Amino acid sequence: MGLYTRLKEQFPRMDCEREFDFSRHTTIGCGGRAEAAASPADEQEAQALLVWLRRENIPYCILGAGANVLASEGLFAGVVVRLRRLGRLECRGTELFAGAGVTGGRLLAFAQQHGIGGFSPFSGIPMTVGGGTAMNAGVRELHFSDVVRRVLCVENGTLRTLEGRECTFSEKDSIFLKGVAVLGVTLRGKLARSEEIARESCYFRTRRHGLPKGRSMGCTFVNPPGISAGSLIERCGLKGTRVGGAVVSVRHANFILNEGATADDVAALIGRIKAEVARQTGIILREEIRRIP
Ligand SMILES: Cc1cc2nc3c(=O)[nH]c(=O)nc-3n(C[C@H](O)[C@H](O)[C@H](O)COP(=O)(O)OP(=O)(O)OC[C@H]3O[C@@H](n4cnc5c(N)ncnc54)[C@H](O)[C@@H]3O)c2cc1C
């Protein structure tokens, strides 16, 4: 029996898809397919789904806005868990609760409506709250680790609340990239006037205007200590390097652009960049992007 049919038998009312196409649901716009995808309607349904997938030994991956992932070509014989319907937003004093599926744009607009500031540096980062928390997304001025108070999550099938310090946040990493699913996050903001928030958000959005246009995953590699991965790649003369339709941006060398690429092209280009940087500098670049097998 196919995975879609098994899902529908177990969860007749759940929103499920057959043959999920990664190229349509990731910002890089390439990659193969998954046998099925499921979008639970609420936290209870999400927990039940995750428990069932584990019990049945079915491979799965969680996908947010797909802004930092590269899915391989071919068929992923598993289920894509999409938490986009977990869209609850609540304001309690200067704290906000946001469901994992809330987009960065919705989070910021909601915070502004309620006079809660402190999140403006996130303006313009393509993400869901779940993906942003898992990746500890951010810019120099602010990362999720700075504002996460508590995370409602599923760990080993159990619904739990983790305190910020239990999330083991580090550079582009957290406990949530190791099998713990984020369902919702309580974030600590601060009181601010709407105009002040608007001004700050505009500043951070404008600062992003210089980033490369086109389909990408944002930064491909984590910055090694004390140096930016982009400048390292540039110094190695790799700007503009191409494999098939995948090319190193000439604007920002840590961005790989999809100009008609397959996921294999992107993966091969990543391999070439790593090898060349290691050969010329001895530095081993760590991938920031997340692979889906
Ligand atoms: C043009 C562009 C600019 C970018 N600029 C920035 C930037 O300035 N700063 C920055 O930090 N990043 C940036 N990124 C990268 C990306 O926006 C962030 O990594 C973001 O956090 C990805 O969120 P997402 O919802 O798309 O997660 P996805 O890409 O869908 O997933 C990323 C990882 O998180 C996991 N994940 C997703 N949701 C959950 C969940 N609910 N529970 C557990 N795990 C989960 C996935 O399994 C995957 O391993 C940029 C990307 C692009 C395309």
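Start with the open sheet of four strands, ordered β1-β2-β5-β3 with mixed pairing; two strands pair if DSSP finds at least two bridges between them, and strands are DSSP runs of E with at least two residues, numbered, like the helices (H or I, at least four residues), from the N terminus. The model is predicted: local features need pLDDT of at least 70, side-chain atom pairs count only at pLDDT 80 or more, and totals for chains, interfaces and linings use all residues. Residues are numbered from 1 along each chain as its sequence is written.

Select β1 (15-21) and β3: these strands stand at the edges with a single partner each, so one side of each has no neighbour in the sheet.

Next, select β2 (residues 33-39) and β5 (residues 75-82), which run parallel and are joined by five bridges. Ala 36 has Val 79 in β5 as its bridge partner. Contact is counted where C-beta atoms, placed from the backbone, lie within 7 Å.

Move to the ligand. Which residues come nearest to the ligand? Of the 32 around it, they are Gly 64, Ala 65, Gly 130, Gly 131 and Gly 218; a residue is near if its C-beta atom, placed from the backbone, lies within 6 Å. Select α4 (129-135) as one of the elements giving two or more residues to this shell; α4 supplies the largest share, five residues.

Finally, colour domain 1 (12-82), domain 2 (89-210) and domain 3 (229-287), whose bounds come from an automatic or database domain assignment. The centres of domain 1 and domain 3, taken over C-alpha atoms, are 28 Å apart. Their contact takes nine residues from domain 1 and seven residues from domain 3.

Note on methods: Two residues are in contact if their C-beta atoms, placed from the backbone, lie within 7 Å.
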